[in-house]
Every structure is written in C-alpha cells, then in structure tokens.
Amino acid sequence: MELLVTNSPFNQEQAELLNRLLPSLTEIQRIWLSGYLTAVQGTTAANAALTGTVSITGTNTAGNTLATAQAVPKEVTVLFGSQTGNSNGLAKKLGKRLEEQGFQVTLTSMGDFKPNTLKKVENLLIVVSTHGEGEPPDSAIAFYEFLHSKRAPQLDGLRYSVLALGDMSYEFFCQTGKDFDKRLAELGGKQIVPRVDCDVDFAEPAAEWMTQVLGVLAEGAGKNTAGADAASISAVSAVTGSDTEEEYSRSRPFQAEVLENLNLNGRGSARETRHVEISLEGSNLQYEPGDSLGIYPENHPRLVDELIGAMGWNAEESVPVSKNGDSQHLREALLRNFEITVLTKPLLTQVAELTGNAGLQELLRPDKAEELRAYLNERDLLDLIQDHSLRGVPANQFISILRKIPPRLYSIASSLKATPDEVHITVRAVRYEANGRNRYGVCSVQLAERLEPGASLPVFIQHNPNFKLPENPDTPVIMIGPGTGVAPFRAFLSEREETGAPGKTWLFYGDQHFSSDFLYQIEWQRWLKEGVLTRMDVAFSRDTDQKVYVQHRMLEKSRELYEWLQEGAIIYVCGDEKKMAHDVHAALATILEQEAGFSPEEAAEYLTRMQQQKRYQRDVY
C-alpha cells in the first residue's frame with residue numbers, strides 16, 4: 001500500500017521518504033526496524049514513567065487504548081486455538097522465546113484453559129485460527145463462548161495481544177481473532193500491541209507481531225533491548241522454522257519423489273481418486289497418524305499461458321518473486337509462486353487502485369456485497385482480466401499485488417511404523433465447468449495428470465495434535481470418514497495393526513457406488529478378517545432409490561453407538577465441513593436424545609464436553 005497523507009498519520013514529505021525506503025528493505029531489515037521502533041517506544045515510556053511527567057498510552061488505528069510499557073509482570077499466559085496445528089506451533093515458538101527472555105510462561109490450548117482463572121492473568125497472548133465460515137476452532141469453542149457470555153469477568157488489569165490466522169479468500173477472514181480482540185477490549189483489557197491478521201502466508205507478519213510483543217514486554221519488565229536486532233532475527237527464525245528440530249519445514253519444503261500414483265476408482269465411476277505414495281527418504285521428516293502432508297502445488301500450465309496471453313505479457317520477462325529481490329521468468333513465477341485461481345476482496349481492491357477501473361470500483365461498493373460475494377466464488381484471475389479489460393497492465397506491477405500460492409494440506413493415509421520413509425495421501429481430482437471454461441483443482445489435477453512415479457514435489461509435515469489416536473490402546477474408536485475423508489483412518493488402522501492395540505474399532509464409510517467407489521476395499525476386508533477393524537458400516541448413496549449417507553447408518557446403529565460411547569469410545573470425523581460434518585454432528589445429538597433421554601440442550605452440552613475431553617475430534621475442511 002502506498003502511504004499518503006489521507007491514509008496515514010504522516011505529512012507529505014515523510015510519506016514520500018517512507019515510500020522510497022520501505023520497498024527497498026529486505027525481510028530481515030523490516031523485522032529489525034520493527035523491533036527497533038518498539039524498543040525506542042518502550043524506552044521513551046519507561047523514561048517518562050521515571051520522571052513522572054506524562055501518562056504514557058498509545059492508540060491504534062481502531063481507537064483501542066494500548067497498554068503502557070511500565071512495570072510489566074514477568075508472568076505471561078499464551079493461549080492458542082488451533083484446528084490444523086498452525087496456531088499451536090506458533091504459540092509454542094512464542095513461548096520458547098519468552099522463556100529465553102526470562103518470562104514465566106503458561107502455554108496451553110484454549111480447550112484446556114480454565115476460564116475462571118482468566119481474571120488472575122495480567123499478560124495474555126492469544127494465537128488463534130478461524131475455522132469454516134468465521135467460526136472458532138473446535139478446541140477454542142468453550143473459551144470463546146465463556147468470554148462472550150455474561151459470566152465473563154471485567155479485565156481492567158489485563159494486557160493482551162492477538163495474532164489471528166486465516167485465509168483471505170474466505171468472507172470472514174480472521175473473524176475469530178477479531179472477535180477475541182474486540183471482546184477483551186470490551187471487558188477492559190489493554191492492548192500490548194495491536195492485533196495482527198495473517199493470511200495463509202503467515203510467517204512474516206507472525207514474526208513481526210512476535211518481535212513487537214517481545215520488545216514491549218521486555219522493555220516493561222526492565223530488560224535490556226539493545227539487542228533488538230538479534231531478537232528480531234531469532235523471532236523470524238522461530239516462525240519460519242529454521243531452528244526447528246526438523247531440517248525441512250513449511251518454509252523449507254523437502255523435494256520428495258513420487259513412488260506410486262494410482263486411480264482408486266473402478267471403471268464407470270464419475271470420480272477419480274488418486275492414491276499417491278511419496279518417499280521421505282533422507283528428509284528425517286516424522287509424522288503420526290492424524291497429521292497432514294503439505295504440498296506446494298503448481299498452477300495448471302494451460303491457465304498460466306492463457307493468463308499471459310490475455311494480458312499481452314512476455315513469458316520470459318523477469319519479475320520479482322520475493323521481498324529479498326529474488327526474481328524469475330514470468331511464466332515460471334506464475335506456475336510456482338502466485339495464487340491465480342482464487343479471487344479475494346483485498347485483491348480486487350488493489351487491482352482497482354492500480355488500474356482505476358470503473359467496473360471494479362462499482363463492484364466494490366458497499367451496497368454490492370452480495371454481487372461481489374457471488375463474483376469471488378465463481379471466478380479466477382483470468383476471468384477478472386477478461387471481464388474488466390485489464391490487458392496492458394505491466395507484469396511486474398500486477399505480480400506485486402498477488403499473494404503467494406498457499407500449500408494444500410492432505411490427511412496422511414499411512415503409518416510411518418508400517419511404511420518407513422514413506423507417506424501416502426488420498427486425493428480426489430477436482431474438475432468442473434463454470435462460466436464457459438474448464439476449471440481444475442490446482443493440486444489435485446497436478447497429482448492426477450502431471451506427476452508420474454519418479455517426479456518430485458515440495459512437501460512438509462503439518463503436525464495436528466487435535467486429531468490423534470488415544471494414548472490408551474484399549475480405548476475404543478469410532479471413525480466416520482466418507483470419500484477421501486477415510487484417509488486418516490487407513491493410517492489409524494495401519495498404526496494399530498503395527499502396535500497390536502487391542503481396543504475396538506468401528507468405521508463408517510460412504511461414497512457413491514459400491515462397485516466403483518469403495519476406496520481401499522480390500523484393506524478394510526483384510527482388517528475385518530484379522531480383527532484390526534472390529535466392525536464397518538457403509539453407505540453408497542447412488543446404489544439405492546433413496547440416498548443413504550453415513551449419518552443415516554449411524555442413526556440405524558443408534559443403540560450400539562451409544563453403548564460404545566458409554567464405554568469411553570473416542571469419535572473421529574474427517575471430510576467435508578460444510579455439510580457432512582454438520583449432518584454427522586446432528587446425528588450424534590439425535591442419538592444422545594434418543595438413547596440417553598437428553599434434551600437438545602443437554603445433548604449439545606454433552607458433545608461440547610466430549611470435544612473438551614478430546615473424545616470428539618474432527619479433521620474437516
């Protein structure tokens with residue numbers, strides 16, 4: 001964003017100087033400068049407090065009062081709400097940095113935090129993702145509801161800050177973090193530093209937030225921040241993963257060889273589901289059942305070429321691909337570096353500012369919200385260019401406003417104990433037609449069409465502590481996974497077979513047709529025969545006059561399923577979040593009402609307690 005007198009607190013001369021300086025800075029220089037400014041602010045506050053000449057407070061752009069950098073207690077509570085593990089990982093790294101600076105850190109999931117102790121907390125740092133359509137992660141629901149209830153205490157003595165993770169392509173971007181920030185302020189809390197909202201490429205903004213928080217807390221506690229530059233660099237390292245136990249990470253993926261790539265669907269199926277086996281040999285990457293494999297995909301070459309042609313660009317032109325000054329040929333950059341299949345409101349806003357396009361400015365009007373929402377859901381970058389006649393915008397200017405292509409996460413379908421140095425995934429190819437053009441799932445179609453055995457792709461392990469087999473091998477497990485949602489349960493059973501876990505297992509599986517869509521059928525049958533899988537219920541929706549889904553099979557087995565719950569069974573759900581997961585949740589509530597005699601409110605409370613106790617775990621998307 002270009003700084004102007006109208007959109008910043010700077011005068012014309014200052015804005016011009018900053019506009020010349022900021023684009024030339026490297027990532028490390030930006031982080032260092034952020035830490036330096038924080039340290040200067042903290043020193044000024046401390047000196048003023050000693051002389052007693054001024055009351056030090058600050059205000060962010062939203063008008064919230066910022067906490068003073070004075071006499072900060074050394075205890076810090078770090079709470080995280082995580083669905084896939086990103087918030088969890090960042091919170092742990094933040095806690096480690098705080099401990100290195102001498103703070104006493106309480107680090108815990110929101111699901112394990114006792115809300116009635118909140119009024120005793122003086123320094124609170126929240127790292128939270130947004131799930132689904134602006135909803136808190138499962139582990140954060142109880143704390144979120146408590147904070148927004150009448151039972152929430154006044155928090156006049158609280159200093160806090162929020163790091164919010166989200167995806168800008170969703171309408172309610174970082175909504176959970178925004179809600180926490182707003183509610184804590186309403187209860188009397190004072191910001192340590194303003195909330196930071198992170199898109200899918202969260203490493204840099206998370207590092208900057210971490211640096212600012214560490215700087216203000218350290219200054220307030222009377223610590224020496226002369227080494228702000230070193231602290232800044234270490235914060236970047238913490239977030240990007242360069243000092244993690246594993247050499248390869250999200251920011252430094254491993255180039256893994258594809259060993260096998262098979263279509264699991266039979267002849268006549270309307271679907272194509274790939275079973276992909278990938279070598280991890282030499283990577284030292286470790287995973288557990290329930291974790292995910294992250295893949296950095298490539299855009300479809302046909303779409304890239306159409307995009308370049310529509311804009312009249314030169315495919316061989318050199319364009320920047322990072323803030324460090326790295327560059328690539330335009331076609332290569334569009335293939336591997338930038339998101340071109342998803343439109344977001346911030347992108348359209350930037351394109352409108354860049355081009356002055358009247359049609360886009362009209363679409364972005366507040367009274368056009370529904371029309372904008374429909375447009376974003378149905379179109380990609382090529383549509384945007386063609387619909388609004390954007391041909392002729394220089395490539396380096398246009399590229400600069402595109403976001404980085406985010407990795408795709410796939411539930412791991414294998415056990416490292418059963419297949420050492422390998423990871424397996426189950427991926428359904430997405431293909432459809434919209435607005436007169438064929439569309440492709442970026443990663444799924446790459447895997448289906450352009451990755452033969454022997455090819456390689458960049459991968460990393462996304463650990464998910466919220467979707468794990470029980471520690472006690474005797475514990476019964478109920479697994480609900482239609483379609484590709486069955487992938488982690490193949491990993492679960494492979495693991496239990498290797499470890500000899502004696503606990504009962506029950507799988508609910510569904511798809512369209514028994515004859516062509518029964519994924520991993522032979523393996524389930526073998527595990528049933530050998531007792532690794534105790535029972536299995538299937539639902540093939542297109543084989544009967546009336547469509548039958550997994551939730552219908554659950555209701556048919558209502559009594560037995562409730563008995564398993566009474567025996568302490570853990571329920572796992574994997575797959576589509578928008579419909580399947582909601583239908584399964586409703587079926588569980590109905591079973592509790594029917595079999596236990598609960599009211600709807602009591603059934604809802606029971607399921608919430610199960611989530612808090614990690615007896616009801618979901619990996620939904």
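Modeller: Residues are numbered from 1 along each chain as its sequence is written. As this is a predicted model, local features need pLDDT of at least 70, side-chain atom pairs count only at pLDDT 80 or more, and totals for chains, interfaces and linings use all residues, while side-chain values use heavy atoms, with hydrogens and water left out.

Colleague: What is the average pLDDT of the protein chain?

Modeller: The average is 88, and 85% of the residues score at least 70. The scale, from 0 to 100, is the predictor's confidence in each residue.

Colleague: Where does pLDDT stay under 50?

Modeller: One such stretch is residues 40-63, with 23 contacts beyond four places in sequence. Another is residues 240-245, with 13 contacts of that kind. A contact here means heavy atoms within 4.5 Å.

Colleague: Why are H21 and H22 called oblique to each other?

Modeller: The axes of H21 (residues 580-596) and H22 (residues 600-612) cross at roughly 120° and come within 9 Å. Axes are lines fitted to C-alpha atoms, for helices over the stretch in contact, and angles run from 0 to 180 degrees between N-to-C directions. Under 35 degrees counts as roughly parallel, over 145 as roughly antiparallel, 65 to 115 as roughly perpendicular, and the rest as oblique. H21 and H22 are therefore oblique.

Colleague: What makes the contact of H21 with H22 one of 7 nonpolar, 1 polar and 1 charged residues?

Modeller: H21 brings His585, Leu588, Ala589, Leu592 and Glu593, and H22 brings Pro600, Ala603, Tyr606 and Leu607. Ala, Val, Leu, Ile, Met, Phe, Trp, Tyr, Cys and Pro count as nonpolar, Asp, Glu, Lys and Arg as charged, and the others, Gly among them, as polar. The division is then 7 nonpolar, 1 polar and 1 charged.

Colleague: Why are H20 and H21 called roughly perpendicular?

Modeller: The axes of H20 (residues 558-566) and H21 cross at roughly 90° and come within 10 Å. H20 and H21 are therefore roughly perpendicular to each other. Ser558, Arg559, Leu561, Tyr562 and Leu565 of H20 meet Leu588, Ile591, Leu592, Gln594, Glu595 and Ala596 of H21. These residues divide into 7 nonpolar, 2 polar and 2 charged.

Colleague: And why are H3 and H6 called roughly parallel?

Modeller: The crossing angle of H3 (residues 86-100) and H6 (residues 203-220) is roughly 30°, and their axes come within 11 Å. H3 and H6 are therefore roughly parallel to each other. Leu90, Leu94, Arg97 and Leu98 of H3 are in contact with H6 through Ala206, Trp209, Met210, Leu214 and Leu217.

Colleague: Which sheet holds S21, and what makes S21 an edge strand?

Modeller: S21 belongs to an open sheet of 5 strands in the order S21-S20-S19-S22-S23, with parallel pairing. The edge strands S21 (535-540) and S23 (616-620) each pair on one side only. Neighbouring strands are turned by 10° against each other on average, direction ignored. H21 packs on this sheet, touching S19 (477-480), S22 (570-575) and S23, and its direction makes about 155° with that of S22. The helix and strand names come from DSSP runs, numbered from the N terminus (helices H or I, at least four residues; strands E, at least two).

Colleague: Where is Thr419, and which residues is Thr419 in contact with?

Modeller: Thr419 is in the loop between S14 and S15. Beyond its neighbours within four places in sequence, Thr419 is in contact with Tyr287, Ser414 and His424.

Methods: Two strands pair if DSSP finds at least two bridges between them.
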